[in-house]
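Visitor: Please take me through one part of this structure closely. I would like to look at the packing, with the terms spelled out as we go.

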Amino acid sequence: MRYLESRKNLVGCACGLAGLGLTLTGAAGALWPVVVAGLYGAGALIAPPERPPAPAFPEPAEQLDALRTDLATLRAYLAEVELPPAAHGRLTELDTLVGALLEPGWVSDPEHVRVLGRAVRQDVPEAVDAFVRTRWWNRVVPGAEPPERHLERQLGALYEEAAAIADALREAEARRQETHTRYLEDRGR
């Protein structure tokens with residue numbers, strides 16, 4: 001059924017109809033079936049192949065909806081984990097900033113969505129899970145660097161990454177406002 005609607009069949013049918021036209025004018029002679037079939041085959045061979053449709057990836061707005069859901073899941077996981085006060089404070093700062101960035105209307109750049117998605121879905125859960133898994137083990141080893149420090153450094157790096165996105169959004173909004181002001185001032189002249 002798919003072939004009947006394909007470009008190859010349609011071009012072949014058009015060429016076959018041209019062969020019938022040649023038959024009606026008498027140019028094909030007694031070999032008219034061979035001419036019609038040959039023109040159909042030639043048309044089917046020269047027709048461009050079918051192109052598969054482009055994949056439909058979710059738009060940034062759809063990705064943000066899924067990311068907000070994942071952030072809620074992450075928050076539920078983090079509520080069950082016991083963290084030291086310093087790391088808990090860092091995590092609260094990071095959570096507040098990421099939550100604000102994920103509010104509707106702020107982040108639209110696909111790269112920013114990717115960075116925030118990686119932080120929510122991979123980096124924060126992995127950092128907290130690594131802390132939880134190594135915390136009890138490192139207490140047995142004297143002189144080892146406490147996992148709390150690693151967790152604080154990891155959360156600090158993630159906060160800086162999210163803060164860079166917030167700074168980029170602030171700069172873009174400031175440029176937008178300046179441009180609009182210049183436009184309105186120039187329009188009045």
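**A close look at helix packing**

Guide: Let's start with helix 4 (residues 85-101) and helix 6 (residues 147-187), whose axes come within 9 Å of each other and cross at roughly 25°. This is a predicted model, in which local features need pLDDT of at least 70 and side-chain atom pairs count only at pLDDT 80 or more, while totals for chains, interfaces and linings use all residues. Residues are numbered from 1 along each chain as its sequence is written, and side-chain values use heavy atoms, with hydrogens and water left out.

Helices (H or I, at least four residues) and strands (E, at least two) are DSSP runs, numbered from the N terminus. Axes are lines fitted to C-alpha atoms, for helices over the stretch in contact, and the angles run from 0 to 180 degrees between N-to-C directions. Angles under 35 degrees count as roughly parallel, over 145 as roughly antiparallel, 65 to 115 as roughly perpendicular and the rest as oblique.

Helix 4 and helix 6 are therefore roughly parallel. Helix 4 passes helix 6 in a left-handed crossing (left-handed if the near helix is turned anticlockwise from the far one by less than a right angle, right-handed if clockwise). On the helix 4 side, the contact (heavy atoms within 4.5 Å) is made by Ala86, Ala87, Arg90, Leu91, Glu93, Leu94, Leu97, Val98 and Leu101. Helix 6 brings Leu151, Glu152, Leu155, Gly156, Leu158, Tyr159, Ala162, Ala163, Ile165, Ala166 and Leu169. Sorted by class, the residues of this contact are 16 nonpolar, one polar and three charged. Here Ala, Val, Leu, Ile, Met, Phe, Trp, Tyr, Cys and Pro count as nonpolar, Asp, Glu, Lys and Arg as charged, and the others, Gly among them, as polar.

Helix 4 has another partner to look at. Helix 3 (residues 60-80) packs with helix 4 at an angle of about 165°, and their axes are 12 Å apart. That makes helix 3 roughly antiparallel to helix 4. The crossing of helix 3 past helix 4 is left-handed. Leu71, Arg75 and Leu78 of helix 3 meet Leu91, Asp95, Val98 and Gly99 of helix 4; by class, this contact has four nonpolar, one polar and two charged residues.

Elsewhere in helix 3 you will find Leu64. Leu64 is buried, with a relative accessible area of 7% (buried means under 20% relative accessible area, exposed over 50%, partly exposed in between, using a 1.4 Å probe and protein chains only). Not counting residues up to four places away in sequence, Leu64 touches Leu102, Val107 and Val113. Leu64 and Leu24 are 40 residues apart along the chain, and their C-alpha atoms are separated by 64 Å. In the loop between helix 2 and helix 3 sits Ala56, which counts as exposed at 78% relative accessibility.

For another pair, turn to helix 1 (residues 7-25) and helix 2 (residues 32-46). Helix 1 and helix 2 pack at about 150° with their axes 7 Å apart, which makes helix 1 roughly antiparallel to helix 2. Helix 1 passes helix 2 in a right-handed crossing. Among the residues making this contact are Asn9, Gly16, Gly19, Leu20 and Thr23 of helix 1 and Val36 and Tyr40 of helix 2. The contact of helix 1 with helix 2 has 13 nonpolar, six polar and one charged residues.

Asn9 counts as buried at 9% relative accessibility, and beyond its neighbours up to four places away in sequence, Asn9 touches Tyr3, Leu4 and Tyr40. Val36 is buried too, with a relative accessible area of 17%.

Finally, a word on confidence. pLDDT is the predictor's confidence in each residue, from 0 to 100; the chain averages 89, and 96% of the residues score at least 70. Confidence is highest in helix 4, at a mean of 94, and lowest in helix 5 (residues 110-140), at 88.
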